[in-house]
Amino acid sequence: MGNPSQANRDGRPGEPAGARVGPGGSVGGVSRFYVTTPIYYVNAEPHLGHAYTTIVGDALTRWHRLMGDDVKFLTGTDEHGLKIQQAAEAAGTTPQAFTDEIAPKFRAAWERLNIAHDDFIRTTEPRHRTAVVELLQRCYDAGDIELDTYSGWYCVGCEAYYTDDELIEVDGVGNHCPIHRRPVEHFEEENYFFRLSRFEDRLLDWYAAHPDAIKPSHRANEALGLIKSGLRDFSVSRTTVDWGIHLPWDDRHVAYVWFDALTNYLSAVGFGDDTQDYTEWWPVDYHLIGKDIIRFHCVYWPAMLMSAGVEPPKGYGVGGWLLVGGEKMSKSGGNAVNPLDLVDDIGVDGFRYYVLAETPYGSDGDFTYDGLVARYNADLANNLGNLAARVATVVAKKCDGVGPAPRPDSPLAEAAASAVAGTTAAWDDVAPSKALDATWSLIRATNSHLEANEPWKADPGPEVDAVMGDALEALRIVSILAYPAVPETSQTIWERIGLDGDVVDQRVPDAVAWGGYPGGVPVVKGDPLFPRIKA
Ligand code: MSP
């Protein structure tokens with residue numbers, strides 16, 4: 001459990017010593033903030049599409065750590081079900097051996113991308129089985145799981161059933177999955193069903209009472225549309241799949257992989273474990289998901305929880321897809337981009353920044369290598385990198401390498417205050433691209449301030465000191481605001497402008513109030529932060 005090595009590297013604060021923990025998401029007055037990514041199928045190695053949601057989660061939780069919240073960021077792997085069973089068979093191995101081989105590749109990818117998750121859950125772990133069995137039993141005892149016969153179409157890629165009218169034609173042939181565009185299979189078997197149809201009104205009432213639960217709002221409309229179009233019961237067990245968790249009351253059946261997978265969010269906070277109180281972290285603040293799994297998360301999941309007497313999630317952040325040439329990037333599509341290859345070219349922070357800034361969260365984005373390089377050169381090399389280098393060069397030449405203090409009434413103070421307000425509001429709204437745009441507005445304003453004053457042309461003296469003190473203070477504030485996206489760069493700038501300690505230990509909003517740069521400290525230039533890349 002946990003991720004202590006990353007906790008150390010990031011200087012992340014641990015549990016407050018002797019803190020009083022109470023239900024309802026707060027510890028001795030400190031807010032708790034629990035965020036999850038989807039757990040990724042281990043039939044494929046991690047690709048850019050997976051990295052996308054994970055980086056958004058990492059940045060969002062880093063922001064909340066800066067806000068002083070007690071954060072739990074969970075990711076992991078989805079290891080049961082037919083899809084994994086078939087992938088293992090194709091690889092000529094057992095599902096357990098297969099998943100044991102792939103799951104560490106996700107951990108390694110997240111390590112490389114500087115993802116500071118607090119926990120990594122695998123659905124093959126005993127703690128997960130405990131939670132799934134508890135949730136199934138609660139829904140069964142509530143009378144919401146019943147035996148029936150199912151006959152219909154199944155897509156193994158989605159691990160989901162489809163009705164005739166949901167299927168599409170591909171190349172003139174019918175019965176294809178609308179997501180994977182591959183033929184579906186016909187299944188007929190005795191299944192246990194979750195009586196989702198009973199939850200329509202309760203779900204609509206819940207969403208009416210929590211209108212901002214799903215972000216961005218156009219994705220909320222999609223979820224409501226699914227509920228309003230009528231809810232069908234769904235099968236929660238299979239007798240033809242063996243790789244999974246057996247139902248506690250009927251051992252012939254294995255839990256449906258989505259019932260199993262969704263429960264991971266509760267397993268990680270100790271649901272079903274008598275020695276833990278899962279309500280210390282539950283309900284979760286945000287499930288970050290891709291738009292293709294809205295139905296499972298925003299419809300099935302809260303209904304399952306309502307049935308079991310557990311509170312629904314507080315919120316969902318729904319992202320679009322990263323497309324390659326207009327198609328969803330995926331292993332089955334054969335167009336997966338390995339994020340680690342890109343990091344080799346562009347650096348971890350360059351890659352993280354691109355993923356967060358390029359596509360408004362909730363919309364689809366087209367991934368191109370040229371787009372990546374253009375964004376890197378414009379925002380990182382020319383803007384942030386150039387500002388840091390310029391400030392250090394002028395301070396070296398005109399201020400003897402010692403950073404002057406900022407002016408309390410600096411013309412940049414207003415730009416800083418509005419960058420702080422915009423960045424804060426956007427992170428609150430789970431809108432990373434807007435948050436970074438607000439942060440970068442201060443970088444742009446500071447570059448303009450320097451160009452307007454041209455301190456490099458002036459003689460050393462109080463005027464140059466004033467301009468450079470203001471620029472250094474802006475850079476100090478930028479390094480805190482930009483930290484969720486580019487943590488290593490932020491720390492480097494922090495040190496180069498002569499500041500002690502770690503950015504991770506700064507607390508917003510106090511630390512981003514104008515005037516914190518002490519002055520009288522050494523400023524060093526160092527290597528270029530973001531060398532320009534030739535397109
Ligand atoms: N195992 C399920 C999730 C269970 S959560 C209880 C699953 N796994 S997945 O690996 O196929 O996809 C996980 C997430 O990655 C989904 O949210 C999906 O939208 C996202 N992405 C996969 N490919 C993607 C892109 N090309 N672009 C953006 N996100 C994409 O579904």
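Serine 433 is placed in helix α15, where helices (H or I, at least four residues) and strands (E, at least two) are DSSP runs numbered from the N terminus. The model is a predicted one, in which local features need pLDDT of at least 70 and side-chain atom pairs count only at pLDDT 80 or more, whereas totals for chains, interfaces and linings use all residues. Residues are numbered from 1 along each chain as its sequence is written, and side-chain values use heavy atoms, with hydrogens and water left out. With a relative accessible area of 14%, serine 433 is buried, a term that stands for under 20% relative accessible area, while exposed stands for over 50% and partly exposed for what lies in between (1.4 Å probe, protein chains only). When residues up to four places away in sequence are not counted, serine 433 touches Leu356, Ala357, Thr359, Pro360 and Tyr361, contact being defined as heavy atoms within 4.5 Å.

Leucine 372, which belongs to helix α13 (residues 369–398), is likewise a buried position, its relative accessibility being 0%. Its contacts, leaving aside neighbours within four places in sequence, are with Leu342, Ile346, Tyr354 and Phe367. The C-alpha atom of leucine 372 is separated by 9.7 Å from that of tyrosine 353, a residue 19 places apart from it along the chain.

Helix α14 (residues 412–428) comprises 17 residues, and the distance from its first C-alpha to its last, 24 Å, is close to the 24 Å expected at 1.5 Å a residue; the expected span is 1.5 Å times one less than the number of residues. The buried residues of α14 are Leu412, Ala413, Ala415, Ala416, Ala419, Val420, Thr423, Thr424, Ala426 and Trp427. Seen down the axis of α14, these buried residues fall within an arc of 165 degrees, so they line one face of the helix, the arc being that of the directions from the helix axis to the C-beta atoms. An α-helix has 3.6 residues a turn, so residues three or four places apart point the same way. The cover over the buried residues of α14 includes α2 (48–66), α15 (432–453) and α16 (462–481). After α14 comes valine 430, with a positive phi near 50 degrees.

Helix α5 (residues 126–141) has 16 residues, which at 1.5 Å a residue should span 22 Å, and this agrees with the 22 Å between its end C-alpha atoms. Buried in α5 are Arg127, His128, Ala131, Val132, Leu135, Leu136 and Cys139, and they cover an arc of only 160 degrees around the axis, which puts them on the same side of α5. The exposed residues Pro126 and Asp141 are carried on the face of α5 turned away from its buried side. Glycine 143, which follows α5, has a positive phi near 85 degrees.

The ligand is surrounded by 24 residues, the closest of which are Ile39, Asp78, Gly290, Asp292 and Leu322; a residue is counted here if one of its heavy atoms lies within 4 Å of the molecule. At least two residues of this shell are supplied by each of β3 (30–41), α2, α8 (257–262), α9 (264–267) and β16 (286–290), and the largest share, four residues, comes from β3.

Several loops contain backbone geometry of note. The peptide bond joining lysine 215 and proline 216 is cis, with omega about -10 degrees, and proline 216 sits in the loop between β11 (214–215) and α7 (217–228). A cis bond also leads from valine 508 to proline 509, where omega is near 10 degrees, in the loop between α17 (487–496) and β22 (521–522). Asparagine 114, a residue other than glycine, has a positive phi near 60 degrees; it lies in the loop between α4 (95–112) and β5 (119–122) and is buried, with a relative accessible area of 6%. Glutamate 454, in the loop between α15 and α16, also has a positive phi, about 40 degrees, although it is not a glycine, and is partly exposed at a relative accessible area of 31%.
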